[in-house]
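Trainee: I keep meeting labels in structure descriptions. Can we go through some and test each against its criterion?
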Amino acid sequence: MASTEDKAANKENVSSWKDSIYNPRTGELLGRTASSWALILLFYLVFYCFLAGMFALTMWVMLLTLDDYVPRYRDRVPEPGLVIRPNSLDIAFNKSDSKNYKTYVNHLESFLQRYNDSMQENNDDCISGEYYMQDDGEMTKKVCPFRRTFLSLCSGLSDTDFGYQEGKPCVLLKMNRIIGLKPIGDPYINCTIKKDHPVQMHYFPSEGRIDKMYFPYYGKKAHENYVQPLVAVKLLLTKEDYNKELAVECRVEGTNLRNNDERDKFLGRVTFRIKVVE
Amino acid sequence: MSVEEVCRKFQTDLVQGLTNAKAAEFLLRDGPNALTPPPTTPEWVKFCRQLFGGFSILLWTGAILCFLAYAIQAATEDEPAGDNLYLGIVLTAVVVITGCFSYFQEAKSSKIMESFKNMVPQQALVIREGEKVQINAEEVVAGDLIEVKGGDRIPADIRVTSAHGCKVDNSSLTGESEPQSRSPDCTHDNPLETRNVAFFSTNCVEGTARGIVICTGDRTVMGRIATLTSGLETGKTPIAVEIEHFIHIITGVAVFLGVTFFILAIILGYTWLEAVIFLIGIIVANVPEGLLATVTVCLTLTAKRMAKKNCLVKNLEAVETLGSTSTICSDKTGTLTQNRMTVAHMWFDNQIHEADTTEDQSGAAFDKSSVTWLSLSRVAALCNRAQFKAGQDSVSILKRDVAGDASESALLKCIELSCGSVRMMRDKNKKVAEIPFNSTNKYQLSVHETEDPNDNRYLLVMKGAPERILDRCSTIMLQGKEQPMDEEMKEAFQNAYMELGGLGERVLGFCHLLLPEDQYPKGFAFDTDDVNFQTDNLCFVGLMSMIDPPRAAVPDAVGKCRSAGIKVIMVTGDHPITAKAIAKGVGIISEGNETVEDIAARLNIPVSQVNPRDAKACVIHGSDLKDLSQDQMDDILRNHTEIVFARTSPQQKLIIVEGCQRLGAIVAVTGDGVNDSPALKKADIGVAMGISGSDVSKQAADMILLDDNFASIVTGVEEGRLIFDNLKKSIAYTLTSNIPEITPFLFFIIVNIPLPLGTITILCIDLGTDMVPAISLAYEAAESDIMKRQPRNPSRDKLVNERLISIAYGQIGMIQALGGFFSYFVILAENGFLPSQLVGIRLNWDDRSLNDLEDSYGQQWYRKKIKIILIDMYACIYVDMFLALICGASKRRNKILIFGLFEETALAAFLSYCPGMDVALRMYPLKPTWWFCAFPYSFLIFVYDEARKLILRRNPGGWVEKETYY
């Protein structure tokens, strides 16, 4: 009777658990015979190959629909954020210990490599104060030069320590690249320090201006050698500012770009802390 | 023990009863006269069990890890991100809320029972200090002098001291359907058999009695059975076993994956903290948080549906048990039968006539025109002391309450049905004298005036044991004519008597005589004590036989059970012959199947020569059962498909149930009496009768049939099987979304892509959007063969088996995950991050100081905006939607499911578009086209599953079925 057989089968299962790994009588490995394993593995192989193929196909179709020059949606980043170099929101160093600020200096130096005259002299000069529109159908766009020398004291050419040694460090600011961005007005960077008495600051280029000729940006593929305009701020710290943490806030001013969003601390502005130890 | 001894023992007085002071003292000593309910687990333990059982432990682990991670972050970083803290809080909330939810669901269903219990208040009439007082039965103490009358429930075990025609109905205690008389005389050594003890909670049917309480509460016979019952350990319900098995699998997978990737993460150079966070993510993704709540809701929905069909489910998990049942042990009286004696057959004019025994009088009628029948009905009506209780004119005859003996009531109802008002007949034929039934005479007679006012003769009518009646007869009435009783007629009588007796029916003989006017003139004083009139040479009229007939729906229900592969066993306290007759009547012993004894009788050989294997059916007497060894018992249960156990004691019922369970069967027991309650409790599912069932049986049972209809069990089996099927679908549906939830983590860790799916989002999917469609799968209609297939084998047919896992994880889940990843890549690519750039981008992506992450188009993104584009969940949901349609299997006319899908979409849309969600859950508005990214994959799932089903149908038993049918 059926139930008897079931019971017998059960007993076997219980008594020899080794059989569940390999059963020599039926040739079952982990409860399946070799052919059963082969069949199921073959099925999964075919199945997953098919899935992989389908995935590749859909990805390929999707990539075909994309434009090479401009992403389909740009509404997530309508306006640029402001970023500083060296790439740290907490700058702290000992001005008398060169090893201490070496990373910052090296970072600035490598960052400015692209702005070397040797790189920039291929680019023709543009008309200052106007957008450099290139909507003439030419796929490769021309680039306006931004020379390292524009940064004068903070260029690292005359002072290879970017002022870190003397305790008057340079910080570079740049606006994030946004394709097609054309700020209205005359953009310039203004920094403030929340402190009782003002700290003197030098901006390079003068007044922290960002020339409109660097806009708009046409994207990586079209604008291959594009360099972002930079603004350098040299904080002229005095003795009484040392050993204190100073909060510096820089904003893009003079344009329609937003720089005072309550919940967004990087939209058109940046706040960083700086502490110089003697 | 004599009455005096009893009095002395309990310091009571036969007339005055106890003094109030004594009663109060005894009450204090013995406690109230009530059955102690089985010890219940305290509420907080139940609550904790819900809170810490199942997956909760895993989630608690996750939550604690979260808090730990946050604590470490808080200690080491200046501005710790609140993520881990929030996640920990959310996880804790999830566990607590689902725990509360399950707890209240459980509590709700068990409260129904409590209200049930309160419906039966009891009063008792006691004599204390010489005064009769009505008190609560709970306050009755040993020694109390008690008076009971017909219709009362006996409030305690009573030693009867005086009785007047007292009969008690012991059916709830012993299963015997006939009331038994009670008198002060001791007739038997066994207290259960003796006539001078009436038992707690049995009913006094007629007469009055006075007695001294000898036992109260748990010390009564009833109480002892109840204690035996409540002391029994019951195993886990099959569904609980299944769910536990399932939890083990999932927990195993979760822990394995979690630990593997924890180690992997450490090897890959992640910090401890990050590795712990991965661990949390993997655990959360693996655990279907909403599933247990889903299961509870599904079971509740089914329980509600069953309650509508008059099956009240006490224990939620029992809903499914009936579906797995492979053996039903059914009590006879009151469950299979109506628990109401009814006239089944009559023999007159040398012919057996069948009476209608159905509950609604739909059966065949017999020829009522015969003069003999008129005489027979007159005898039956007149020689009968039963009468309808007043005020029941609107109630149908069969349902009216009758004062009187069960067989007399049966006759009364039979005559009332076929000949009209018995009372009018009795009014016309005034009773002049009467000799009631007693066990020495074994007959009852009465003398009446005749209907015809001009006829001054008296009519003597008599009924009683057929052979005694026959002895007193010299003539027999045939076609209205009196004929001398010859040998041939006696032979015919014997045959009829044997035949009816063989049907398990109780046979009564009827005879009458018109007394000659010259000997007994009008006004003749009949003396019944010293019989001064003729009581022999009577005219035999006919036989009537009575049985407690099976309920109309039972044979059909038994047939359905059998076609559903369920073995139906009858277990009764009644006599074997009656039991066998009823078993044959309802199909428990099906037509053409013979017992060993039948075969022996047919072949005319001794019973010992019959091969027991030839007989499929068997009837076993309780006294034989006692001598059986365990092996013999197993042998009987295994080799006979149709079994009847008669004359069984409560303990034996228990043994039978245990025997079935030992053979691996899942046993349902139906019963109504206290004697059934140990078996009810021991069974995997006990089914009690709501109307006729005793309190104890209801307490022991898991399910109560409110209408006492055995056919409801079939409904229960169907619902149970359906819910098992649908739970599989629900679980398959829920598990599928595990793969799309886990894979992002794995890829995040291994190939360093940005994390597509946050832990909070996973919780949203599991608890928010996935729940309603999963629950709506409980509304799926049954497949047509649901009652034709064999009951599931609990050792082989699991709720979650490797095939279900293979489909959910290996196949559908994979497609779904690919759909999810595809939409992830689409969304990122269309925002500027091409797939080629994504691999390995994670470090920069998650670097909190990096604010100019460059995308493939040269744009630079700062922190906040990067996070915005991570909103993959909707694609998953979209695939889900189609999946649900498919899991919906055969019939897609499930309105609730469609509603569930809309709900899912609406909720997803709400989460996506509601302002503020970007802050609360980091979900951002989705562009309309992104909703359709995963469409090819949805379509693939649809085609794949339909193709699978098509092959299943076309090619049953093939490889596809072996590998994919869950």
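What follows is a set of questions and answers on a predicted model.

Mentor: Start with chain A as a whole. Its secondary structure comes to five helices and 10 strands.

Trainee: How is chain A divided into domains?

Mentor: Domain 1 covers 22-65 and domain 2 covers 82-276. Their C-alpha centres lie 55 Å apart.

Trainee: What share of chain A counts as buried?

Mentor: Of its 278 residues, 44%. The chain exposes about 15100 Å², with 55% supplied by carbon and sulfur atoms.

Trainee: Where do the charges of chain A sit on average?

Mentor: There are 37 positive and 37 negative charges, and their mean positions are 4 Å apart.

Trainee: Now single residues. Why is A:Ser152 called partly exposed?

Mentor: Its relative accessible area is 32%. Buried needs under 20% and exposed needs over 50%. A:Ser152 falls in between, so it is partly exposed. This serine is in the loop between helix H5 (117-120) and strand S5 (170-175) of chain A.

Trainee: Which residue of chain B has a positive phi without being glycine?

Mentor: B:Glu129, with phi near 50°. It is in the loop between strand S1 (123-128) and strand S2 (131-136) of chain B.

Trainee: What makes B:Glu129 partly exposed?

Mentor: Its relative accessible area is 41%. That lies between the 20% and 50% cut-offs, so the label is partly exposed.

Trainee: Which peptide bonds of chain A are cis, taking A:Pro86 to begin with?

Mentor: A cis bond joins A:Arg85 and A:Pro86, with omega about 0°. A:Pro86 is in the loop between strand S3 (82-85) and strand S4 (90-94). The bond from A:Phe215 to A:Pro216 is also cis, with omega near -10°. A:Pro216 lies in the loop between strand S7 (200-204) and strand S8 (230-236).

Trainee: How do you know that B:Ser375 is buried?

Mentor: Its relative accessible area is 8%. The cut-off is under 20%, so B:Ser375 counts as buried. The residue is in helix H12 (residues 371-382) of chain B. Leaving aside neighbours within four places in sequence, B:Ser375 is in contact with B:Met477, B:His512 and B:Val541.

Trainee: And why is B:Leu478 called buried?

Mentor: Its relative accessibility is 11%. That is under 20%, so the label holds. B:Leu478 lies in strand S17 (residues 473-478). Beyond four places in sequence, the residues B:Leu478 touches include B:Asp349, B:Thr372 and B:Met489.

Trainee: What about the domains of chain B?

Mentor: Domain 1 is 311-337 + 551-708, and domain 2 is 346-547. Their C-alpha centres are separated by 36 Å. Six residues of domain 1 are in contact with six residues of domain 2.

Trainee: How many helices and strands does chain B have, and what share of its residues counts as buried?

Mentor: The count comes to 37 helices and 28 strands. Of the 966 residues, 56% count as buried.

Note on methods. Residues numbered from 1 in each chain as written. Chains lettered and ligands numbered in written order. Predicted model: local features only at pLDDT ≥ 70, side-chain atom pairs only at ≥ 80, totals over all residues. Heavy atoms only, no water. Domains from an automatic or database assignment. Helix = DSSP H or I, 4+ residues; strand = E, 2+ residues; numbered from the N terminus. Buried < 20%, exposed > 50% of the residue type's maximum accessible area, 1.4 Å probe, protein only. Areas by Shrake-Rupley, 256 points an atom, 1.4 Å probe, with all protein chains shown as cover. Lys, Arg positive; Asp, Glu negative; His and termini not counted. Charge placed at Lys NZ, Arg CZ, Asp CG, Glu CD. Contact = heavy atoms within 4.5 Å.
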